[in-house]
Amino acid sequence: MSEATVHLGSGKVRELYALDAERLLLVASDRISTFDVVLPTPIPDKGRVLTGLSAFWFARTRGIAPNHLLALRDDGRSLECRRLEMLPVEIVVRGYLAGSGWKDYTATGQVCGHTLPAGLREADRLPEPIVTPATKAETGHDLNIGEDEAARICGHERYAAARDAALDLYRFGEEHAARRGIIVADTKFELGVDQEGAVVLGDEALTPDSSRFWPLDGYEPGRGQPSFDKQFVRDWCEETGWDKTPPGPELPQEVVDGTRGRYVEAFERLTGLPFARYLEDPSTVL
Ligand code: PZK
């Protein structure tokens, strides 16, 4: 980084810097988390895969919703972004029944206030995608809230604009990914408001870290689906008998290599580009 940059914060696997009054730098590391714990072993190029995918989606969804992307840096892992006033809620869109949605459905027949048809199985596709907002709780764990509460927190008009953008973005991404053999079961969007008051997509978008990606090949409702990207890591962690409290285990080389291959495969399937070309010239995704 040649400019004077100020470190603003760290996510589990990303860093955020201020470039100037209007611009931020989002840098994706090669760290990987599983069962909510960041592991000590990096996955080479994971940050470049996620950044390249985000930039790819930002470039292709400009006509659906404006986004914060200003520039993709030559290192392939850093995005220069417009500074926004972020909404205090995350917008989760779910097209399939998984995770906490499946749990809630089995208990109540509802997911975050959405009444669903009876008789759905785990991992079933929903008749229509649903929006289930969440707040970033103090503990770091997200807390699901109803759309009514999200609208009160954000303002009704802002929430409606954010929800509409999120649904349109999910529908576009889900359809594109399905044609390339990847199910986007659900995804989280973070939106903000720009200087003109427009609702703008921020953060990362439609990446394996912000979404549940499943392989379409072998998809079978009625059971949990394997993660497209992290299944080798999860399986290996389960085999070791690790109790899922920090520190996490060091990953063996074959798990690192297999996992890197899955991230690269997701990139190549979704972008239609060889990852090697992205490494030579990141702007090929734009
Ligand atoms: C913003 N985060 C999350 C925290 C990370 C990411 N365009 C924006 N304008 C203002 N604020 C943010 C963004 C974006 N994106 C994002 N927090 C603030 C976050 C820590 C590390 F990489």
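**Strands, ligand and cavity**

Tutor: His-7 has Tyr-17 as its bridge partner in β2. Strands here are DSSP runs of E with at least two residues, helices are runs of H or I with at least four residues, and both are numbered from the N terminus. This is a predicted model, where local features need pLDDT of at least 70, side-chain atom pairs count only at pLDDT 80 or more, and totals for chains, interfaces and linings use all residues. Residues are numbered from 1 along each chain as its sequence is written, and side-chain values use heavy atoms, with hydrogens and water left out.

Student: How many bridges join β1 to β2, and do they run parallel or antiparallel?

Tutor: There are 4 bridges, and the two strands run antiparallel. Two strands count as paired if DSSP finds at least two bridges between them. A hairpin through 3 residues connects β1 to β2.

Student: Now the ligand. Which residues are closest?

Tutor: Leu-26, His-68, Arg-82, Leu-84 and Asp-203 are the closest of the 14 residues that surround the ligand. A residue is counted if one of its heavy atoms lies within 4 Å.

Student: Which ligand atom is 3.0 Å from the side chain of His-68?

Tutor: A nitrogen atom of the ligand; the distance is to an N or O atom in that side chain. Arg-82 has a backbone N or O atom 2.8 Å from a ligand nitrogen. For Leu-84, a backbone N or O atom also lies 2.8 Å from a nitrogen atom of the ligand.

Student: What percentage of the ligand's accessible area does the protein cover?

Tutor: The protein covers 80% of the 480 Å² that the ligand has on its own. Accessible areas come from the Shrake-Rupley method with a 1.4 Å probe.

Student: Which elements give two or more residues to the shell?

Tutor: β1 (6–10), β2 (14–18) and β3 do. The largest share, 3 residues, comes from β2. By class, the shell has 5 nonpolar, 4 polar and 5 charged residues.

Student: Switching topic. How many cavities of 30 Å³ or more are there?

Tutor: There is 1. A cavity is a set of points on a 1 Å grid over the protein atoms alone where a 1.4 Å probe fits but cannot get out; lining residues have an atom within 4 Å of a point. The largest cavity has a volume of about 70 Å³, and its lining includes Arg-14, Leu-26 and Glu-204. β3 (23–28) and α1 (46–60) each give two or more residues to that lining.

Key. On a 1 Å grid over the protein atoms alone, a cavity is a set of points where a 1.4 Å probe fits but cannot get out, and a pocket is an open set with protein on both sides within 12 Å along at least five of seven lines; lining residues have an atom within 4 Å of a point. Grid points are joined across faces, edges and corners, and a volume is the space filled by probe spheres set on the points. A polar contact is a pair of N or O atoms within 3.5 Å; within protein, one must be able to donate a hydrogen and the other to accept it, and residues adjacent in sequence count only if both atoms are side-chain atoms. Ala, Val, Leu, Ile, Met, Phe, Trp, Tyr, Cys and Pro count as nonpolar, Asp, Glu, Lys and Arg as charged, and the others, Gly among them, as polar.
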